[in-house]
Amino acid sequence: MRTLILCATFGLLAVSCDKVENPVERSNDSGGGGESVKRRALLEEFTGHHCNNCPAAHAVAAQLKTLYGDDLILVGLHAAANVNSSFILPQSNADGSYATDFRTTEGQTYATNFAVTFLPSGMVNRAPYNSSTVLSRASWGSAIEEIVNEDAKFDVWISELQHDAGANTVSATVNVAVLEDISGEFKLTTYLTEDHIVDWQYNSQATPPDVPNYDHRHVFRKTLDGAWGQVAIAAAANQGDTLTFAYTGVSMNPAWVAANCELVTYVYDAATNAVMQAAERKFQP
């Protein structure tokens with residue numbers, strides 16, 4: 001097996017880290033047993049803290065996660081094609097409600113590029129389902145079911161993850177295995193998300209609907225390599241190739257709780273934007 005090593009360096013690696021995870025193996029492996037690796041589904045859920053129907057969509061996503069387990073990865077992006085949507089804007093209320101700004105530059109880039117014109121909505125591997133890439137929650141389950149039953153052309157996993165509490169940085173190693181000869185340009189993108197952010201949420205199903213202690217799940221915080229990532233395969237690759245990408249000393253916001261953070265990484269087809277394979281790893285097991 002040939003191993004190609006590529007590095008994406010963002011800052012300097014600290015000399016010592018307070019927590020160094022042991023390398024982990026892929027959750028499903030194509031070697032030895034003859035079983036093919038299946039695609040994992042990435043649900044990018046577009047939401048907003050003042051979106052009245054978004055909590056119902058959050059519940060659907062949680063139910064699907066229970067059903068599919070490790071085969072489904074969830075990311076919540078507070079973004080919409082209309083940058084001035086009241087669903088996503090922070091507010092200046094006297095009681096401090098809805099003051100948090102969950103928006104991100106990358107999230108807005110995705111919402112604009114994929115024309116996310118309604119909330120709640122979501123994309124499953126950024127692939128069309130019934131001729132639409134941006135889906136209502138009613139279609140998420142069926143779209144996921146199609147993805148997880150397909151053989152994968154890649155496997156991807158995060159073999160090392162380090163959080164330096166003193167410098168408040170994260171470093172990681174992402175591996176991409178090529179499972180069949182392939183041609184075309186493919187890119188790798190890695191997200192940092194934070195779970196269990198307790199903050200305000202408008203919920204039409206609650207009484208009163210303004211909920212001050214809502215549990216926001218899988219919140220997108222930033223990418224480690226830009227909105228569109230980096231080139232993993234420029235033109236072609238052979239079955240058996242393994243590509244390794246190193247992220248070093250990526251800074252984190254001091255307000256983020258590292259114990260609730262994780263990395264989500266995925267390989268996608270640059271021509272179609274379709275996510276070919278995805279993986280996730282928590283900062284703490």
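**Note on aromatic pairing and nonpolar cores**

1. Tyr110 has a relative accessibility of 0% and therefore counts as buried (buried is under 20% relative accessible area, exposed over 50%, partly exposed in between, with a 1.4 Å probe and protein chains only). The model is predicted: local features need pLDDT of at least 70, side-chain atom pairs count only at pLDDT 80 or more, and totals for chains, interfaces and linings use all residues. Residues are numbered from 1 along each chain as its sequence is written, and side-chain values use heavy atoms, leaving out hydrogens and water.

2. The whole structure contains nine aromatic pairs (ring centres of Phe, Tyr and Trp, the last by its six-membered ring, within 6.5 Å; planes under 30 degrees apart are stacked, over 60 edge-to-face, the rest tilted). Tyr110 and Trp228 form an edge-to-face pair, with 5.4 Å between centres and 80 degrees between planes. Trp228 is partly exposed, at 26% relative accessible area.

3. Both residues belong to one aromatic cluster, together with Phe114, Tyr191, Phe220, Tyr266 and Tyr268. The charged end of Arg126 sits over the ring of Tyr110, 4.6 Å from its centre (for Arg, CZ within 6 Å of the ring centre and within 35 degrees of the ring normal; for Lys, NZ).

4. The largest nonpolar core has 30 residues, and Phe154, Leu188, Leu192 and Phe283 have the most contacts inside it (a core is a set of buried Ala, Val, Leu, Ile, Met, Phe, Trp, Tyr and Cys residues joined through side-chain atoms within 4.5 Å). A second, separate core of 25 residues includes Tyr110, as well as Ile88, Met123 and Val134.
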